[in-house]
Amino acid sequence: MLELALKGNKKYYGWITALLVLVGIGFGAYLTQLGFGLGITGMSRDVSWGFYIAQFTFLVGVAAGGVMVVLPYYLHDYKAFAKVTILGEFLAIAAITMCLLFILVDLGQPMRMFNVLLYPTPNSVLFWDMIVLNGYLFLNIVIGWNVLEAERNNVHYPMWLKPLIYISIPWAVGIHTVTAYLYCGLPGRGFWLTAILAPRFLASAFAAGPALLILLCMIIRKVTNFDPGKEQIQSLAKIVAYAICLNVFFFLCEVFVVFYSQIPEHMDHLKYLFFGLQGKSSLVPWMWTSMALMVVGIILLVNPVTRKNENVLVVACLTVFAGTWIDKGLGMISGGFVPSPLHHVTEYAPTVPEIMITLGVYGAGFLVLTILYKMAVGVKEEVRS
Amino acid sequence: MNDKKIFLIKDKKYIIAGLVVFIALFTFPFWYNSGKAAPGPEIKLTEKAKAAKECVMPTAYMRAEHMQLLDIWRHSVVRNSDNTYVNPSGKAFTMSLSNTCLDCHSNKADFCDKCHDYASVRPYCFDCHIDNPKEIK
Amino acid sequence: MESSRRRFLTMTGVAVLGIGAKPVLDVLAAGQAEGAGSVELKKGDGALKAKQWAMVVDTRKINKASDLEPMISACHKIHNVPKMETKNHEIKWIWEEEYHYAFPTEINKFLSEHAEHVPFPVLCNHCENPPCVRACPTKATFKRELDGIVMMDFHRCIGCRFCMAACPYGARSFNFRDPRPFIKETNKEYPTRMKGVVEKCNYCAERIAIGKMPACVEVSNGILTFGDLYDPQSAVRALLKSNFTIRRKQSLGTEPTVYYIV
């Protein structure tokens, strides 16, 4: 099926080239980091995880979001999603690829990466995260590929795939739960030390993932002969609407607990993010923007009139995606490190090389996504004609 | 199925030509260097090492297995907090690359590096463990 | 003898994972050929022993920053701790903090004059229940069963920094770049570190192994006392018995082994 990704028009190859250039720039920056060390990033002794781990966390969510098309189709036999499940699965593959790359570029000694396998340590959540992420990648590759191939050959997908599909549904919940457990089980970090973290992660995932999927469907409709469908997009929009409401609700639960209990170790992180602490407040405008975007998203998505207008829907999806990205990709990780366990306030901002590497990883992910989507759309066009 | 067959017959000569080029390139270093083996390195011992006559294990063993020995040493010291090594002839040594090995073999450039360069290996031991440049001329 | 040979064998078994079976079997075969496999790995004769090492800091004896200075510089000197240019890349094993930062969860509005003004030495607490050990995905940081020291295996650390997120005491530092250019005078008896690994206080495990007290304790003028927490006769226990002590963030259940007399 890969040959389908080789046949494309000028625009397609132009896009691929642009992504390759991005990957190249990122790779060059990574070589600098490999030589110098992680000191070229904005991370510090106090904020020891930064942009990379934040993007990783956000993208695990995008990957888990793919389950929002898999579940209705396979579990509830919601036929309309037959057209888009493959898009959800392939989005998950691309997102997990980026996650693994982000972990890799975050390691101080990447050459020793396989120590995690050589000395398996079940008491470390990172060990389990490695298992669930690779497992989810494997499941989606096997399921996506075989279902697509069956569709191409006009046959039903093999029956042995069925159990894997059912496993992949709770597995998707698992990847983001385990990723939340990386943070919420650490005794000295009040910001993360909350049982609502995993549910909150999942809610934002089920908003960001399908929102991105809607945008991708619209692009596919525009640049190819395959239309993912109006009904499909509307169903996805409803999913985004509920998920973003839940995300904000969970966040408000956290805000209530923190500010009503008034326990300083929990309160200070939110204070830093939304009001600034000890005169340091670089994330404040971002966090309020994120809140505003999510609220706008809710208004546009819950109201049927605005949701059904596809032009408005694009705006709604963009606001939800941007809002959740700031929330998780900027605030969630830095917020946990500021103030430090000793209550020092050290701020963090990514550096230029750090951003270049990040964009390189995104480039690689979108390259994988483009090739996979090109294949999927190729098959869909073939089958239709 | 049919597609694939046609594909094979049509492209047979290209595939074979490609394979030949690949094998030629892949084996290039072997036939390019054949018959021109570089001479083995000459290793110098420090006075201290000469006087000691034997290392913690016999020379032949050390030559072939010192990396495995060091791996066991570091594991033993760091993880099991055992720091003393008693060799088969009953002699005890403190297991320490910095303080035992490199104390005697203080001429890293003439001892360690020569062989490592010849074998084209770059152990990262020396990123942290420092040679004692006491006797370097 | 018997038990240490067994330990040697298990250890080689562990090493098999790392370096492939063949060379290890060669080592064993060679060892055996020398006569009854008589290689022995053991502790040095003078090694200090304890069930759980612990430290008591008598803050009553601290008056000014210069009282802590010798401890910090002794530690950082013998362990080749670099002095980095920027605060972001800072590496420290033992350092001074004001009471508010050392004990951010036990701040009284009105502190004693003394607590308000003297610097408190802080270091790795070598917790009895260390969250960093729980977090490490490679067992590069581990709690020594022998004496409870929370150790770092710099050879194994992959630099994921999960331990830094897990430590509630900010005791860990990361080598954001090659530390060597920033070490003024290298102590050749102790290794430096390479970029990309985490480091922290090791309760001077390398000194305990040869019968010496930790470097900071030795130069502390009686401010620091070091001993076995579970030996009722130890100097540490004597101090704990006769003085009221506090520990950093006791409520987290990490069971720090550094006690402060205030």
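These legends describe close-up views of a predicted model.

Residues are numbered from 1 along each chain as its sequence is written, while chains are lettered from A and ligands numbered from 1 in the order in which they are written. In this predicted model, local features need pLDDT of at least 70, side-chain atom pairs count only at pLDDT 80 or more, and totals for chains, interfaces and linings use all residues.

**View 1. Two domains of chain B.** Domain 1 covers 1-37 and domain 2 covers 47-127. These bounds come from an automatic or database domain assignment. The two domain centres, taken over C-alpha atoms, are 45 Å apart.

**View 2. Helix 3 and helix 4 of chain A.** Helix 3 spans residues 67-75 and helix 4 spans residues 85-106. Helices are DSSP runs (H or I, at least four residues), numbered from the N terminus. The two axes come within 8 Å and cross at roughly 145°. Axes are lines fitted to C-alpha atoms, for helices over the stretch in contact, and angles run from 0 to 180 degrees between N-to-C directions.

**View 3. Where helix 3 of chain A meets helix 4 of chain A.** Met68(A), Val69(A), Val70(A) and Tyr73(A) lie on the helix 3 side. Thr85(A), Gly88(A) and Glu89(A) lie on the helix 4 side. Contact means C-beta atoms, placed from the backbone, within 7 Å. By class, this contact has four nonpolar, two polar and one charged residue. Ala, Val, Leu, Ile, Met, Phe, Trp, Tyr, Cys and Pro count as nonpolar, Asp, Glu, Lys and Arg as charged, and the others, Gly among them, as polar.

**View 4. Chain A against chain C.** Chain A gives 32 residues to the contact, and chain C gives 42. On the chain A side, helix 5 gives the most, with three residues. That side has 14 nonpolar, 14 polar and four charged residues.

Conventions:
Helix = DSSP H or I, 4+ residues; strand = E, 2+ residues; numbered from the N terminus. Contact = placed C-beta atoms within 7 Å.
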